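The following paragraphs guide a new reader through the structure shown here. Please keep the sequence and the model at hand while reading.

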Amino acid sequence: MSKSNFTRRGLLKTGALAGAGLSAPTLFSPVWADGHAGYTNAPAGGTVTLGFNVPQSGPYADEGADELRAYELAVEHLNGGGDGGMMNTFSSNALKGNGILGKKVEYVTGDTQTKPDAARASAKSMIEKDGAIMITGGSSSGVAVAVQALCQEAGIIFMAGLTHSNDTTGKDKKANGFRHFFNSYMSGAALAPILGANYGKDRKAYHLTADYNWGYTTEEAVRTSTEAMGWETVAAVKTPLAQTDFKDYVAPVLQSGADVLVLNHYGGNMVNSLTSAVQFGLREAQANGKNFEIIVPLYSRLMAKGAGENVKGIFGSTNWHWSLTDEGSKAFVKSFGTKYGFPPSQAAHTCYVQTLLYADAAERAGTFNPCGIAEALEGFEFDGMGNGKTLYRAEDHQCFKDVLVVKGKENPTSEFDLLEIVEVTPAAQVTYDASIFGGDLGTCNPGA
Amino acid sequence: MEAIVLQLLSGLDGGSAYALIALGLTLIFGTLGVVNFAHGALFMIGAFCTVTLQRILTLSHTVIDDTQKDFLGNPLKVQVPYIQDWFGEATSAAIIDWSVPLAIIFAIPVMLIIGIVMERGLIKHFYKRPHADQILVTFGLAIVLQEIIKAYYGANPIPAPAPDVFKGSFDFGQLLGFEANRIIYPYWRLVYFGFATIVIASVFAFLQFTTFGMVVRAGMADRETVGLLGIDIDKRFTMMFGLAACVAGLAGVMYTPINSPNYHMGMDFLVISFVVVVVGGMGSLPGAVLAGFVLGILQSFASMREVIEVLPGINQVVIYLAAIIILLTRPRGLLGKRGVMED
């Protein structure tokens, strides 16, 4: 009979030592340590490069310019310059003003031209030629979906700019893509109760919808939420994206039996269709014994400026507004306003926040590895960034936060004072099941 | 019936813009034989003449108002227009309110100068070059012009409202014996239609009843013979280029309350205007006007919900379909003449 050297105590000791040894990397160094490399554009040297992909030409160039201002401000704050802006109010304390993970932040810019092909080309160039570790920006859902897919393939994190379609974090969501901006569903959910309270629950709506991805999801969201409270949809007409004069679409509205016109338009489309609607007297008209009403589901201050006095009294929703009085918003408006002389747009706000969130995630993860950053962002809850308590939901990489219902101001005191906040809709009211829009997040791709 | 009347009005309104732009294009083609792809840019520059005049009229000095705060909490800097100091609040407000009609006076010399400089500085070097060269250079010029405008005025649309007296809509239905509020049409669009009619009639009258016009028409028919008579036809044709630029510019000025001006608005009209010119008949002024209104009305009816439901997308192609049918049945267009662009 042979005697075994294995004892129960010995086995436990060996097991404990082996366990400690195996877990050492996670205990003493971050999971995605840069030393592992194995991801695209791992920064070497003392700098890290971010890629700001914004419309610098084309119809959204002004919005793109505002996004770029916000990015430059964010980089300044990350590198320890300026007054720190929202870094002082951000609930996470990981950012120290010494760049990201001790590396000075530099940036390159690309021009999306608000065209998916051009946006992909500029993002590709920034990734391949300039070594950008993260791509962010844009003013269109078509661009966001296209660039997000590219970043997924390249193993780069995409922090979306202004994109409002459900698809970005719905059917087209990607593991490497993250959206802070709200979406069409949230607009519908936030607007419906206010519309019901102000215009009643017996209304007949006529939708004019931009004939592309964002228009469809916005129409669907507003229809679903308004029909649920009793409104009837009389007609929904698709309008070409290139349409400039909407007279042919607006002229028959009064004859349709509708008493509400919903303009699922953004940018130049919104400016022109709203102008046509006001010119055709819809704002003063009566139908079905009620005052005729116009609704613009997605407002932007820059677009409201283009529409001028036509926005007065018209309800819509927005992601953020400079007149908010929380500490985060005040800090951002002060930083931005002092540097540039005017208040930031909602596009600027979301871009600034996305940059800080990316940097913060890198600090918390201790790496630039996109999978480490994705893990740090998933399920991350934060505050102090202008929208109240916010959750970056892990299931679809969509931020859930308060949504603003706004109205065109009757008596603006300045060229910036165009919208007034009617209600701050709590995040819980605009939260939905992640599965309703389909899509598959897939798995994070670190690239390389 | 109400819907038909409404779409007819809408078609006449849209057609008047097409006709005005196509008229200028045809003038240039008929006199100089140049295919001017920068014509849409002239329409856009006209619109920005309104914006420029608005900015001139609202040139301001700053007054600090301690009782109000700006968005940063500092005392509000109130911009007070200089004309308010000169003419008083009520008069200056009225002048600013009427800036769109006033811009007509401002735009006429500006557009004349731009047209003449464009013709003398660039276009004249391409008279004897193939049409493809002319198209390339004028298209390039259009892009340069729109980028210059964007650099100065930004990419966002800039509102330029009509005078208060023209805001709101006219109830056509009641006038025609229909129920109230069934056929309403904006006052300014009716003004635009009237304005287009006056400009078109003036151009025709100028060409028909003045000696200058007679010489130009003779030059259009036989340039060499007119030249042999000792008449400097080139100088007159340069003036016609300026006139065409003026027509496009005025069309742009009056269009600003309909759609807020933006740097791209010329391109939006360019292709359709060329279709109008071709359908009307190359070089035919009455043809351009007729085709402008016909295609405007067609497009309006094709945009009816009932039509789109049966033929989705028809509103986007109806003009081109009509052009194909017309050119197949009348290869020279509606009122085109033999020999024009046929050599």
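Is A:Leu101 buried or partly exposed, judged by the other C-beta atoms within 10 Å? The model under discussion is a predicted one. In it, A:Leu101 has 18 other C-beta atoms within 10 Å, and it is therefore partly exposed; a residue would need 20 or more to be buried. A:Leu101 belongs to the loop between helix H2 (61-78) and S2 of chain A. Its phi is near 50 degrees, a positive value in a residue other than glycine. Most residues other than glycine have a negative phi.

Strand S2 (residues 104-111) of chain A contains A:Asp111. This residue counts as partly exposed because it has 18 C-beta neighbours inside 10 Å. Apart from neighbours within four places in sequence, A:Asp111 is in contact with A:Pro55, A:Gln56, A:Ser57, A:Ala118 and A:Ser122. A:Gly341 lies 230 residues from A:Asp111 in sequence, and their C-alpha atoms are 24 Å apart in space.

The loop between S2 and H3 of chain A holds A:Thr114. A:Thr114 also has a positive phi, of about 55 degrees, although it is not a glycine. A:Thr114 counts as buried, because 24 C-beta neighbours lie inside 10 Å.

The next topic is a pair of helices in chain A. Two packed helices are described by the angle between their axes and the distance between the axes. For helix H3 (residues 116-128) and helix H4 (residues 141-154) of chain A, the axes come within 8 Å and cross at roughly 35 degrees. The crossing in which H3(A) passes H4(A) is right-handed. On the side of H3(A), the contact is made by A:Pro116, A:Ala119, A:Arg120, A:Ala123, A:Lys124 and A:Ile127. H4(A) contributes A:Gly142, A:Val143, A:Ala146, A:Val147, A:Leu150, A:Cys151 and A:Ala154. By class, the residues of this contact of H3(A) with H4(A) are 10 nonpolar, 1 polar and 2 charged. An α-helix has 3.6 residues a turn, so residues three or four places apart point the same way.

H4(A) itself has 14 residues and reaches 20 Å from its first C-alpha to its last, close to the 20 Å expected at 1.5 Å a residue. Of those 14 residues, 12 are buried, so H4(A) is largely enclosed by the rest of the structure. Among the buried residues are A:Ser141, A:Val145, A:Gln148 and A:Gln152. The buried residues of H4(A) pack against strand S1 (47-54), H3, strand S3 (134-137), strand S4 (157-160), strand S5 (177-179) and helix H6 (213-228) of chain A. After H4(A) comes A:Gly155, whose phi is positive, near 75 degrees.

In chain B, attention turns to helix H5 (residues 99-121). At 1.5 Å a residue, its 23 residues should span 33 Å, and the end C-alpha atoms are 31 Å apart, which agrees. H5(B) bends by about 35 degrees at B:Phe106, and a proline, B:Pro109, follows within four residues. The buried residues of H5(B) include B:Ser99, B:Val110 and B:Met118. Helix H2 (39-57), helix H4 (89-97) and helix H11 (233-255) of chain B are included in what covers the buried residues of H5(B).

The axes of H5(B) and H11(B) come within 7 Å and cross at roughly 145 degrees, in a right-handed crossing. Residues of H5(B) in this contact include B:Ala103, B:Ala107, B:Met111 and B:Gly115, while those of H11(B) include B:Phe241, B:Ala245 and B:Gly249. The residues of the contact of H5(B) with H11(B) divide into 15 nonpolar, 4 polar and 2 charged.

Helix H1 of chain B contains B:Ile21. B:Ile21 is buried because 30 other C-beta atoms lie within 10 Å. Beyond neighbours within four places in sequence, B:Ile21 is in contact with B:His39, B:Phe43, B:Ala248, B:Ala251, B:Phe269 and B:Ser273. The C-alpha atoms of B:Ile21 and B:Leu42 are separated by 9.3 Å, the two residues being 21 residues apart along the chain.

Finally, the two chains meet: 37 residues of chain B are in contact with 39 residues of chain A. On the side of chain B that touches chain A, two or more residues each come from helix H1 (2-32), strand S4 (184-186), helix H8 (187-209), helix H12 (265-280) and helix H14 (305-310) of chain B. H1(B) gives the largest share of that side, 6 residues. By class, this side of chain B has 16 nonpolar, 14 polar and 7 charged residues.

Notes: Residues are numbered from 1 along each chain as its sequence is written. Chains are lettered from A and ligands numbered from 1 in the order in which they are written. This is a predicted model: local features need pLDDT of at least 70, side-chain atom pairs count only at pLDDT 80 or more; totals for chains, interfaces and linings use all residues. Two residues are in contact if their C-beta atoms, placed from the backbone, lie within 7 Å. Ala, Val, Leu, Ile, Met, Phe, Trp, Tyr, Cys and Pro count as nonpolar, Asp, Glu, Lys and Arg as charged, and the others, Gly among them, as polar. Axes are lines fitted to C-alpha atoms, for helices over the stretch in contact, and angles run from 0 to 180 degrees between N-to-C directions. A crossing is left-handed if the near helix is turned anticlockwise from the far one by less than a right angle, and right-handed if clockwise. The expected span of a helix is 1.5 Å times one less than its number of residues. The bend at a residue is the angle between axes fitted to the seven residues ending there and the seven starting there.
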